[in-house]
Amino acid sequence: MELYDLIVIGGGPAGYNAAEKAGAAGIKTLVLEKRALGGVCLNEGCIPSKALLYSAKVYDYTKHGEQYGVTVQGSSIDQKAVIARKNKVVKSLVSGIGMTMKKHGVTVVNSEAQILGRGTEGFEVSADGKTYTGRQLLIATGSTPVIPPIPGLREGVSSGFVLTNREVLDLQEVPREMVIIGGGVIGLEMASYYNSAGSHVTVIEMLDHIAGNTDSDISGILKKNYQSKGITFKLGCKVTAVNPNEVIYEENGQIFKAKADKVLCSIGRAAVTTGFGLENIHVHTERSGIKTDEQMRTNVAGVYAAGDVNGISMLAHTAYREGEVAVNTMLGKKDRMRYNAIPSVIYTNPEVGSVGETEESAKKKGYDVETVNLTMRYSGRYVAENEGGDGIVKVIVDKKYRRLLGVHMISNYASEIIYGAALMIETEMRVENLKEIVFPHPTVCEVIREALFEIK
Ligand code: NAI
């Protein structure tokens, strides 16, 4: 039996970051990971999709350069080369995490973990034919794609006709007709890639808008942009069956068919709380995931949960922070998880960046708000770089305390800009102080400053 201070189950962003911080603090740590370090984010999510989307961006530049006085003839996209480059990117980052674990003295065992129960010295976990004991446990098992019981969907997944986030990042050929079920984050990012790569993409979404909780003006602009690029959106539509080479959906009580060479099912993810013995230590779970408090503690003393598995905010950057909060709590340091200033990004082109409250959510919470909605054309750099660009920035301020509540934007670089807004919200700065911040000129981020000056 090997005894550790901490056993981390799952080597994704929550798990590996927590392990790194724990190792650095001198906690004897073991990470058990059944696939590759990096989890969904690094192997079949955030990073590989960004590699694909960057290839698409380069290709799009070659196709649409004339607006900027540049003509490129005969450019094409080589899907196999795109995927090979993506695999290279992933491989190098996975090995980087392995080295970080080593540097901080963390032991990594590549094997499936099973929690056996509680022994005299701690929690007993089996992996790779051995039993390990951890004085503390961090559950970071992540999430898995939801495959609803739609007739033909599961069969489609088995045959390879229906893809999830994993397979869609590995297609060796660009499908002619691609149907995407779900117009959320994964659906839109993949719609963006395959649209650029040459597929005819149809997005079927149950709601009357795309991009979930995104500000409605922004999701409307995003939809318009992608419609003009050739994506078909079927909104307010319910998929009722999947047959080989077609998806059947219902719109206003009528049945329609969409032809498909491949289907992506991206209708959300579910926390992984079963199959690894959680019940053996009586950890309390809810429908959304493992129930945790602000310190990422579960109902069982010594057992923590971080990342998608608690179902609170299924984002890699939330997972990092939750992992840190868990480790700080183990170390006896005062820390707590706050969710009000977590940025979210949709890596379409243009990108969507949001943080904090939307006007709607702020009003629902009872804030008296002032909202400024400004065209991105207030930024000289934006105009120089975006022919015909129709981006906007929205700033939401609490009138009473004159504090920033939310920033939402659709623009190039939104992903890189939004953390600045998160910082402003997190530090609870007042509008008057924010106006004193000097932004570099000319930049796209300057519009946030412009918007703040519009506040009465
Ligand atoms: P999602 O929750 O973002 O979107 C799912 C969409 O599917 C929703 O709009 C929903 O209304 C729709 N839907 C549900 N059932 C449906 C049905 N039967 N027919 C048609 N539409 C249906 O989930 P998604 O895109 O699968 O992403 C999963 C998770 O991964 C999310 O939590 C997301 O935040 C995260 N993620 C984050 C990324 C980022 O930060 N850039 C990138 C990709 C994923």
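The model is predicted, with local features reported at pLDDT of at least 70 and side-chain atom pairs counted only at pLDDT 80 or more, while totals for chains, interfaces and linings use all residues. Residues are numbered from 1 along each chain as its sequence is written, and side-chain values use heavy atoms, with hydrogens and water left out.

Two or more lining residues come from each of helix H3 (46-63), helix H6 (185-197), helix H7 (216-228), helix H10 (380-385) and helix H11 (414-426); helices (H or I, at least four residues) and strands (E, at least two) are DSSP runs, numbered from the N terminus. H3 contributes the most, with four residues. By class, the lining holds seven nonpolar, 14 polar and ten charged residues, where Ala, Val, Leu, Ile, Met, Phe, Trp, Tyr, Cys and Pro count as nonpolar, Asp, Glu, Lys and Arg as charged, and the others, Gly among them, as polar.

Aromatic rings come next. Four aromatic pairs are found in the whole structure; rings of Phe, Tyr and Trp (its six-membered ring) pair if their centres lie within 6.5 Å, and planes under 30 degrees apart count as stacked, over 60 as edge-to-face and the rest as tilted. Tyr4 and Tyr132 make a tilted pair, 6.3 Å centre to centre with 55° between the planes. This pair links distant parts of the chain, with Tyr4 in strand S1 (residues 2-9) and Tyr132 in strand S6 (residues 130-139), 128 residues apart. Tyr4 is buried, at 4% relative accessibility, and so is Tyr132, at 3% (buried means under 20% relative accessible area, exposed over 50%, partly exposed in between, with a 1.4 Å probe and protein chains only). The charged end of Lys28 sits over the ring of Tyr4, 4.7 Å from its centre; for such a contact, NZ of Lys or CZ of Arg is within 6 Å of the ring centre and within 35 degrees of the ring normal. Lys229 likewise lies over the face of Tyr226, at 4.5 Å from the ring centre.

Helix H6 is mostly covered, with eleven of its 13 residues buried. After H6 comes Gly198, with a positive phi near 115°.

The backbone also has cis peptide bonds. One joins Asn349 and Pro350, with omega about 10°, and Pro350 is found in the loop between strand S18 (344-346) and strand S19 (351-356). Another runs from His441 to Pro442, with omega near -5°.
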